[in-house]
Amino acid sequence: MALIEQEMSPVRTIAIPDPILDVLSIWRPTPLVRARRLEAALGTPARIYFKNESVSPAGSHKPNTAVAQAYYNKQEGIRRLATETGAGQWGSSLAFACSTFGMECTVYMVKVSYDAKPYRRSLMRVWGAEVFASPTDKTNSGRAVLAADANSPGSLGIAISEAVEDAANRADTHYALGSVLNHVCLHQTVIGQEAKKQLAIAGERLPDVVIGCCGGGSNFAGIALPFVPDVAAGKKIRLMAVEPASCPTLTRGPYAYDFGDTAGIVPIMKMHTLGHGFVPPSIHAGGLRYHGDSPIVSALVEQGIMEARAYGQVGCFEAAMLFARTEGIVPAPETSHAIKAAVDEAIAAREAGEERVILFNLSGHGFFDMASYDAYLAGKLVDHELPQSSIDKALVELPKVDAA
Ligand SMILES: *Cc1c(COP(=O)(O)O)cnc(C)c1O
């Protein structure tokens with residue numbers, strides 16, 4: 001109930017309970033770093049700062065909300081959480097969070113990732129979670145998929161159905177979602193709030209541009225939403241979401257009501273969407289392959305308060321390599337989209353001879369994604385052209401909603 005209240009709350013500030021702060025303090029505040037070596041390599045007059053969320057136990061921003069969700073569930077007598085995970089970033093974050101509050105955690109991990117990413121699976125087990133390759137024979141939805149195709153590779157949509165069914169059938173269990181929803185974005189605003197204080201401590205002015213990669217929108221919302229009141233007060237700050245060209249939700253998807261899941265069992269939300277049946281090409285930034293986006297981010301893009309941009313993965317990996325070789329951190333493939341935008345902004349500042357302050361969110365490290373770097377180094381990465389017809393096909397299935 002506490003999370004649902006937060007989901008609907010009109011209140012601007014909600015205090016973080018002490019037991020959550022206590023866990024967050026294991027790695028928070030995260031460092032705000034000036035990327036001087038990257039600036040030098042680009043020969044830019046811009047000052048580039050990044051907020052390093054990769055220092056969390058799971059290696060990304062996701063534990064910020066996982067810890068809060070585990071805490072509020074525990075408070076209300078829930079002793080077990082069920083969830084899905086694609087590449088394993090959310091599953092490992094929730095496994096960690098549950099372990100800190102003595103809760104059980106069950107993760108339905110998409111079968112292809114379960115087989116391809118064994119170390120994320122191991123990480124979840126280190127933190128005490130039970131991990132199943134989805135589809136499983138433990139749920140009706142899993143059994144139905146297996147009956148039709150015994151070798152199904154699974155999908156995020158199927159794994160969501162399994163986790164929701166698991167939670168619905170047990171009184172001691174709730175389902176937890178790692179992105180998109182308002183309460184998730186709220187929990188992530190700790191990133192932008194810290195960044196503002198840290199910029200002030202460093203004697204720096206407000207940034208000209210704030211950048212985050214965007215899958216479901218939570219890490220971008222986390223760094224950017226705390227700057228929205230400044231924009232509303234007349235400050236010129238560009239808030240830029242960066243998505244993959246092969247899953248261009250904000251840049252090419254309409255603003256419409258749609259289901260958050262593939263099966264169409266969860267409530268519809270108004271958001272930018274490519275259609276709940278849209279299947280993006282397989283790219284290395286698995287965390288950015290969601291058909292929809294946070295309703296808050298979508299509305300702010302619609303109103304022109306936030307902007308969006310899309311990049312192909314090859315250019316993003318080039319930016320990631322430059323970052324790894326200057327700043328020393330190997331970023332997650334998802335994060336490389338934000339880095340590419342920051343690099344482009346720094347180059348634009350150089351060409352305009354402008355002193356620009358750039359802030360981006362380093363949403364996670366890439367230590368579990370080294371196979372993607374191998375593919376890049378072997379010259380095997382390609383950019384996928386996404387024909388309009390493949391978007392149009394999925395948009396036909398948008399739910400029909402009475403405008404009134
Ligand atoms: C999950 C993930 C993302 C994408 O999710 P958002 O909700 O859009 O933030 C981005 N970066 C990393 C490192 C992730 O793990």
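Modeller: A residue counts as near a molecule if one of its heavy atoms lies within 4 Å of it. This is a predicted model, in which local features need pLDDT of at least 70, side-chain atom pairs count only at pLDDT 80 or more, and totals for chains, interfaces and linings use all residues. Residues are numbered from 1 along each chain as its sequence is written, and side-chain values use heavy atoms, with hydrogens and water left out.

Biologist: Which residues around the ligand come nearest?

Modeller: There are 19 residues around the ligand, of which K62, S179, G215, S218 and N219 come nearest.

Biologist: Which side chain has an N or O atom 2.4 Å from an oxygen atom of the ligand?

Modeller: For a polar contact, a pair of N or O atoms must lie within 3.5 Å; within protein, one must be able to donate a hydrogen and the other to accept it, and residues adjacent in sequence count only if both atoms are side-chain atoms. The side chain at 2.4 Å is that of S179. A polar side-chain atom of N219 lies 2.7 Å from a ligand oxygen, and for H61 the distance is 3.1 Å.

Biologist: How is the protein divided into domains?

Modeller: The bounds come from an automatic or database domain assignment. Domain 1 comprises 2–10 + 22–57 + 182–379, and domain 2 comprises 63–175. Their contact (heavy atoms within 4.5 Å) takes 24 residues from domain 1 and 21 residues from domain 2.

Biologist: What area do domain 1 and domain 2 bury between them?

Modeller: The size of an interface is often given as the accessible area lost when the parts come together. Here buried area is the accessible area (1.4 Å probe) that two parts lose on being put together, summed over both. Domain 1 and domain 2 bury about 1,900 Å², with 64% of it on carbon and sulfur atoms. V23, P57 and F368 supply 28% of the area that domain 1 buries against domain 2, more than any other three residues.

Biologist: How many salt bridges cross the interface of domain 1 and domain 2?

Modeller: Side chains of opposite charge can pair when their charged atoms come close. The rule requires a side-chain nitrogen of Lys or Arg within 4 Å of a carboxyl oxygen of Asp or Glu. It finds 1 salt bridge across this interface. D369 and K117 also meet in a salt bridge, at 3.2 Å from N to O.
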